[in-house]
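Subject: Structure handover

Hello,

The structure we spoke about follows below. My notes on it come after.

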Number of protein chains: 2
Amino acid sequence: MHTLILAGGGGTRLWPLSRGCYPKQFIRLFDDSSLFQKTVERALLFSEPNEIYVVTNEAQRFLVAEQLSEMGIEIPQENVLAEPVAKNTLPAIYFAVKTIIERRKSATLAVLPSDHLIEVNEEYKKAFRSAEELAKDRLVTFGIKPTRPHTGYGYIKPGKRINGGYEVDAFVEKPDIEKAREYVEKGYLWNSGMFVFDTRVFIEECSKHQPAVVEAFRSESLSEAYAKAPSLSIDYGVMERTRKAVVVPLSTSWSDVGNFDALYEIFEKDSEGNATRGECLLLDSRNNLIIGERLVAAVGMEDTILVDTGDVILLTPRRDAQRVKKLVETLKSRRDRRVEVPKTMCRPWGCFTVIEEGTNYKIKKLVVLPKRRLSLQRHFHRSEYWVVVKGEAKVRVGDKEFTLRRGETTFIPVREVHRIENASDETLEIIEVQLGDYLGEDDIERIEDDFGRVSKEKGS
Amino acid sequence: MHTLILAGGGGTRLWPLSRGCYPKQFIRLFDDSSLFQKTVERALLFSEPNEIYVVTNEAQRFLVAEQLSEMGIEIPQENVLAEPVAKNTLPAIYFAVKTIIERRKSATLAVLPSDHLIEVNEEYKKAFRSAEELAKDRLVTFGIKPTRPHTGYGYIKPGKRINGGYEVDAFVEKPDIEKAREYVEKGYLWNSGMFVFDTRVFIEECSKHQPAVVEAFRSESLSEAYAKAPSLSIDYGVMERTRKAVVVPLSTSWSDVGNFDALYEIFEKDSEGNATRGECLLLDSRNNLIIGERLVAAVGMEDTILVDTGDVILLTPRRDAQRVKKLVETLKSRRDRRVEVPKTMCRPWGCFTVIEEGTNYKIKKLVVLPKRRLSLQRHFHRSEYWVVVKGEAKVRVGDKEFTLRRGETTFIPVREVHRIENASDETLEIIEVQLGDYLGEDDIERIEDDFGRVSKEKGS
């Protein structure tokens, strides 16, 4: 079985933890592995690394590569497909299916969202084996058996029993609480967003119900295809229309981690019902979610969410967790870059954090991964000082090459070509003090780069 | 008339805004001037600068000096009295009164707390003139006419009317809401903590009612006096016992700024009742107090206090503002230094902020005031890099002296004697990267200092 991981989402409902260029699936929310990495692990239950495909976008391609390399998993680079623009799940899946068919005629394909949390138990494995069987001439979806009348999920009404599952009678939208109770009583299932189908069956049903998508992908170029393709979910575009939809029920703990209240539900709580990350002092406080970067001291607080990311503090009652997107929309309309950019920015070579900004200066901490190097670059408006605080740097400044060890420093004048390399096996940390009249990330000329980012792009 | 400003308080009810070594009276809560500075302005209504006395402690002496110099007010240095230890208001006042008497026999003295907010109107001036008259043979206190039944203030029950005021029938403790309503109806007044008296009358009444205080101050040394003196407020120790207490009513807006809810009441509110400082985005949020250092984004919040000081976030419902002291007590019992030390530490030469701390390194921003210099010092466990980001530094490293301009840098090896001086008329800003195995503030040997802090003290 092949697996397609959908990793192009830019979910901002966990903002400011997630950002436009660092979305939910790549954050380490629960432990050392991200939701994306957990999804890769699930894919490996049924697929070889070379049978795993990932759809993402250009900006997140290196996050995918980085998180795979961290796991020691080698998925062929050509299996990581970058969409030029996000058009919801149907074009993403069609893009991948078309790519697979071009390479090897057809396959059974499991489609997994990368931003859900799901527990793998025996039932999970059994369900996927049933699905593989059913997928010969059906489009299989999975329905999670509800544990409570949840108003944040879509539901599937199962119909006639068939071998290993049910025909789908209807897909139903997120209900209000009364309807949700009714659905749970009647045996409706939560729509999990996971699918298994044969690529030929999928193409057939797509041609039948969404010929515009098929037509779009006949374009000369990918960008043209995406320009033409309608923005559609597979649910709305195909699953709700096809007669071949079946649902396999699945009893396991599952969450779409769709907002901070969902996160609160998943996190472990103390005896007062508080879920906390970071340093907290909570007195007479109950049922709060506190994610801190510095000491959070609270007294008398209840049912409240506080998320501190160093550059932003989010504050909302748990019952309003869904409305965080209103904040994000407002900031987006003001072109506030904190919607897109996290305090710590990932780069193919590691990451950097802006520690402090003042008039004419900026202080950054750079973390360079072992065996990586930044581009050979120069700036036209700023000079830079580097102080190595951890590890060892191979440095080029102008024509000179030398090594900087912990406690050593160097100066990069304006316009001087320079490069940092971490040739060691240990992480390198550098404090960079930038000085100049303009300190934007776009003041960079890349002369040479290991990651194909040559000449005047954004970022460093 | 002389004025005594009580500025030794270490109030932590506005923590984390106020800290042990940076208490409420010195913070710029409302505008460019601190409560202490506003108190000095009030003192100047009736006293010449050389008639103004300040009681504070050794650690805050330079804060007093700094804030006076900022105002361009020259109070003689010998009028700033430092208590070796805080023993409430009675010993503080006695200390000052004794000092004044030793210098010039006797005087009429106004005593003003430095951490209250009070509007100076015509009534204020009239009340003080009445008080000056009454003070010939009375101990005068001021009673603020209540605007509502406040449960956070003590009350004064006025008795027989006398010229310019009332005899005091009773001082009453902070009441519950019902009692408060009764008091307001009956014409009781808020106890303002301000006094006017003749120093001879004060000494007489003190001798009569608190001979232990008088006795303590007969000791050889100040530290002995303070070791012996009981910890007593002037209210409890003298005013409640003397027959000479009178109260002058005063109708003006007044607050003891005793907690964040009091601050909320004073701050200007937007149309939704939110009082904010710093960058905020509030949607569907009402009646909150938000004091931020970075973007605070909130949706659906009501009646909540959030105070962010960069190193600490305080979160509490407004109704629990009084309970912030419980948090402080808990942290104190854990010897958490964030109770005492603010993120930005004041020094006689300016201030410094710890921007970032990591294993073996610390980044500080130093702000050096014009015409000031740090001590000539050295460290035994750390080296330092300095980058000037604003202004111009006169620097001594070892035997060398040189000037560092914006964008210039130097290195201070371990054990090397060094000094920073700002000889210019402009503020100097330096980014300091410290490297070493031990980075505590106490790794400092001061060889020479403009502020008398020679040899191994704490601080830099």
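Two strands are said to pair if DSSP finds at least two bridges between them. Helices (H or I, at least four residues) and strands (E, at least two) are DSSP runs, numbered from the N terminus. The model is predicted: local features need pLDDT of at least 70 and side-chain atom pairs count only at pLDDT 80 or more, while totals for chains, interfaces and linings use all residues. Residues are numbered from 1 along each chain as its sequence is written, and chains are lettered from A and ligands numbered from 1 in the order in which they are written.

The two chains

In the contact between the chains, 45 residues of chain A meet 45 residues of chain B (contact: C-beta atoms, placed from the backbone, within 7 Å). Strand β17 (residues 312-317) of chain A gives the most to chain A's side, with six residues. By class, that side has 27 nonpolar, nine polar and nine charged residues. Here Ala, Val, Leu, Ile, Met, Phe, Trp, Tyr, Cys and Pro count as nonpolar, Asp, Glu, Lys and Arg as charged, and the others, Gly among them, as polar. The copies meet through the same surface, because 100% of the interface residues of chain A are also interface residues in chain B.

Strand β17 of chain A

Six of the six residues of β17(A) are buried (buried: 20 or more other C-beta atoms within 10 Å of the residue's own; exposed: 12 or fewer; partly exposed: in between; C-beta atoms are placed from the backbone). V312(A), L314(A) and T316(A) point one way from the strand, and I313(A), L315(A) and P317(A) point the other way.

Within its own chain, β17(A) pairs with strand β16 (residues 304-308) in the antiparallel sense over five bridges. V307(A) has L314(A) as its bridge partner. The hairpin of β16(A) and β17(A) has three residues between the strands, and G310(A) takes a positive phi near 90° there.

Strand β20 of chain B

Strand β20 (residues 361-368) of chain B is largely enclosed by the rest of the structure, because six of its eight residues are buried. Eight bridges join β20(B) to strand β19 (residues 350-358) of chain B, and the two run antiparallel. C351(B) is opposite V367(B) in this pair. The hairpin of β19(B) and β20(B) has two residues between the strands, and N360(B) in the turn has a positive phi of about 75°. β20(B) also pairs with strand β28 (residues 428-436) of chain B, antiparallel over eight bridges; there Y361(B) stands opposite L435(B).

Domains, a helix and the cores

Chain A is divided into domain 1 (2-255), domain 2 (260-333) and domain 3 (345-448), with bounds from an automatic or database domain assignment. The centres of domains 1 and 2 of chain A, taken over C-alpha atoms, are 29 Å apart. Nine residues of domain 1 and 13 residues of domain 2 of chain A make up their contact.

Helix α1 (residues 35-43) of chain A has seven of its nine residues buried, among them L35(A), F36(A) and V40(A). The buried residues of α1(A) pack against β1 (2-6), β2 (52-57), α2 (61-71), β4 (108-113) and β5 (117-118) of chain A.

A nonpolar core is a set of buried Ala, Val, Leu, Ile, Met, Phe, Trp, Tyr and Cys residues joined through C-beta atoms within 7 Å. The largest has 211 residues, and V54(A), A96(A), V140(A), A96(B) and V140(B) touch the most other members. Apart from that core lies another of 40 residues, including W349(A), L366(A), V395(A) and I363(B).

Regards

Terms used: Contact = placed C-beta atoms within 7 Å.
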